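Please look through the structure below before reading on. The report that comes after it is meant for someone meeting this structure for the first time.

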Amino acid sequence: MRAVMAGRERQRLLLENAQQLVLVCGRGERYLRRDGAAGLAVLRSASLVVGLDGCIKAVGQADVIRNQFSEATFERIIDCSGKCVLPGLVDAHTHPVWAGDRVHEFAMKLAGASYMEIHQAGGGIHFTVEHTRKATEEELFSTFKHRLERMLRAGSTLVECKSGYGLNLETELKMLRVIERAKRSMDIGISSTYCGAHSVPKGKTATEATEDIISNHLPKLKELNLSGEIHVNNIDVFCEKGVFDLESTRRILQAGKDIGLQINFHGDELHPMKSAELGAELGARAISHLEEVSDEGITAMARAKCAAVLLPTTAYMLRLKQPQAQKMLEEGVIVALGSDFNPNAYCFSMPMVMHLACVNMKMSMNEALAAATINAAYALGKSDTHGSLEIGKQGDLVIINSSRWEHLIYQFGGHETLINYVIVKGKVVYQNETCETLSSY
C-alpha cells in the first residue's frame, strides 16, 4: 500500500536506467575505512527518485522503481542509459575567498624556493592578506561566486570554505559574510570555517595573535552566530613551526570548541608538530595535510575517529613528500580528500584530486571515491545527509557520460566533457550539452 501511495505523490526527479548507480554506502555508514571502501556499493541497471523536498525517496533496480512510481508524477525524468550516477563530490578543504593571485610565486617555486622562504620574504599568505584587506565585500563575493561555479561544474556539490586571509577581525568577518551570502544564495552546499589563525599578522607575535583571537574574534563570532547573522561550522589553525605552536593551537581550538565549533585544522604539514596527537586528544573532527605526521599520531587519529583530510595538490605543487595514505588506511584512519584550492594550489577539480591521490599516494580508485564523498562529508560533520546515495539523504548527484564510474578518475583533466549533469537537491544546476555527443574513449 505504501508503494502505491508513494507512486501517486509528486516527485522532483527520476534518474532511470543508469548503467551504474554508485551508492558508495548502502547501510547507513557514516564513513568507510579501507575494508568498507573495497566493497563500494554499486547497482547496475538502476534508477533513483528525488522528492520535492530534495531528498532521495527510492533507489533500486530500474524495473522495481518503474513499478512503484508513475512517470506522470515526476517534474523531470533523465534517461541515464549508458551513463553512471554518483554522489555529488565533497571538497573537504578549500580557501576560496581572497583577492590577489600569486601566479608570480609559481616561478619562484619552480626555481626551488620553499613555501616558508616565500612566506618569510613577504609573499605567500601575507601577499594575499594585503590584497584581501583592500578588496570590497562585493569584489570578494564576485570572485568567490565564480570559483564556486567552477567547482560545481567539476562535480563538487558540498565544499568547505575557509576565511583566513584577513588576520584581523574586520577582514575575517568580511570574508565570513561573503561565505554566508553564498550559503544563502547559491545551490552549492557550503561548510564554513573560521581560520583567523592562518598566519601570524605582521606586527604581532604568535602569543599576541592568539590572545586577540581568543579575546576578540571568537566572542564576536559567538555573538553573530547567536543573532543568526553568520553561521560558522568549523575552527581552523595553521599549526606549524614559525606560525602557531602546539600550545597556541591548543588554546585557540579549545576556545572555538567551547563556542560550538567543530575542530578541523591544518597539522603536521611542513614539520612534525604532534598535531595529530593534539587533534585526537581534543576530539577534532578532522586534521588536514599530515605530510609529517608521526606513527603515534596516525594511531591516535584512528582510535579517535578523527578524519585525515589529505591534499594531493599541495604535496604535488610544493614538491613535498606525499602523505602516508597507505599507512593511514592500514591503521584504520578515516581518509578524506580536499582540493586545498587557494592562491598557492589553484585547483577546482576533485576528479583531478582523486587521480593524484591514486597515482601519487597509491590509493585505489574505490578508496579515492570514498574519500571524496562519504569520508569528506564525515570530515565536515555532514555524512548523515551527504556523501552517498541512500534513501533520506540529500539528492546531490553527478551523472557522467560513461558506462563505468572509474572514468571520472581515469580521465585526468577530462571532467569538463565527461560530466553530463550536476544535481543539487534533485534540481539540475549544471547540464553539459556537449556530453550527449561524446563517448568515453
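What follows is a walk through a predicted model, taken by topic.

## The parallel sheet

An open sheet of eight strands can be followed in the order E6-E7-E8-E9-E10-E11-E12-E13, and its pairing is parallel. At its edges lie E6 and E13, each of which pairs on one side only, and from one strand to the next the twist averages 25°. Strands of a sheet, as a rule, pair through backbone hydrogen bonds, and they do so either in parallel or antiparallel fashion.

The pairing of E6 with E7 is parallel and extends over three bridges. Within this pair, Val90 stands opposite Leu158 of E7.

## Helices H8 and H9 across the sheet

Helix H8 lies across E7 and strand E8 (189-197), and its direction is at about 175° to that of E8. Helix H9, in turn, lies across E8 and strand E9 (234-237), running at about 160° to E8.

Two packed helices are described by the angle between their axes and by the distance between those axes. For H8 and H9 (residues 206-227), the axes come within 11 Å and cross at roughly 35°, and the crossing of H8 past H9 is right-handed. On the H8 side the contact is made by Leu169, Glu172, Leu173 and Leu176, which meet Asn216, His217, Lys220, Leu221 and Leu224 of H9. An α-helix has 3.6 residues a turn, so residues three or four places apart point the same way.

## Ser163, between E7 and H8

Ser163 is placed in the loop that leads from strand E7 (156-162) to helix H8 (169-185). Is this residue, Ser163, buried or exposed? With a relative accessible area of 0%, Ser163 is under the 20% cut-off and therefore counts as buried.

The side chain of Ser163 makes a polar contact, at 2.6 Å, with the side chain of Glu172, and Glu172 is also one of the H8 residues that meet H9. When residues up to four places away in sequence are left aside, Ser163 touches His95, Glu172, Met175, Leu176, Ile179, Thr193, Tyr194, Cys195 and Gly196.

Arg102 sits in the loop between strand E6 (89-91) and helix H4 (103-110). Although its side chain is a charged one by the classification used here, Arg102 is buried, with a relative accessible area of 3%.

Where does the side chain of Arg102 reach? The side chain of Arg102 comes to the backbone oxygen of Gly124, at a distance of 3.2 Å. Leaving out residues up to four places away in sequence, the residues touched by Arg102 are Gly124, Ile125, Phe127, Thr128, Tyr165, Asn342, Pro343 and Asn344.

## From E13 to H15

Asp340 belongs to the loop between strand E13 (335-337) and helix H15 (350-360), and Asp340 is buried, with a relative accessible area of 4%. Most residues other than glycine have a negative phi; the phi of Asp340, however, is positive, near 55°.

At the start of H15, a side-chain oxygen of Ser349 reaches to within 3.1 Å of the backbone nitrogen of Met352. The helix H15 itself is mostly covered, since eight of its 11 residues are buried, and these are Met350, Pro351, Val353, Met354, His355, Leu356, Ala357 and Cys358. Just after H15, Lys362 has a positive phi of about 65°.

Lys425 lies in the loop between strand E15 (419-424) and strand E16 (427-431). Its phi is positive, about 55°, although Lys425 is not a glycine. With a relative accessible area of 42%, Lys425 is partly exposed.

Definitions and conventions:
Residues numbered from 1 in each chain as written. Predicted model: local features only at pLDDT ≥ 70, side-chain atom pairs only at ≥ 80, totals over all residues. Heavy atoms only, no water. Helix = DSSP H or I, 4+ residues; strand = E, 2+ residues; numbered from the N terminus. Buried < 20%, exposed > 50% of the residue type's maximum accessible area, 1.4 Å probe, protein only. Polar contact = N/O pair within 3.5 Å; in protein donor to acceptor, adjacent residues only side chain to side chain. Contact = heavy atoms within 4.5 Å. Axes fitted to C-alpha atoms, helices over the stretch in contact; angles between N-to-C directions. Left-handed = near helix turned anticlockwise from the far one by under 90°. Pairing = 2+ DSSP bridges.
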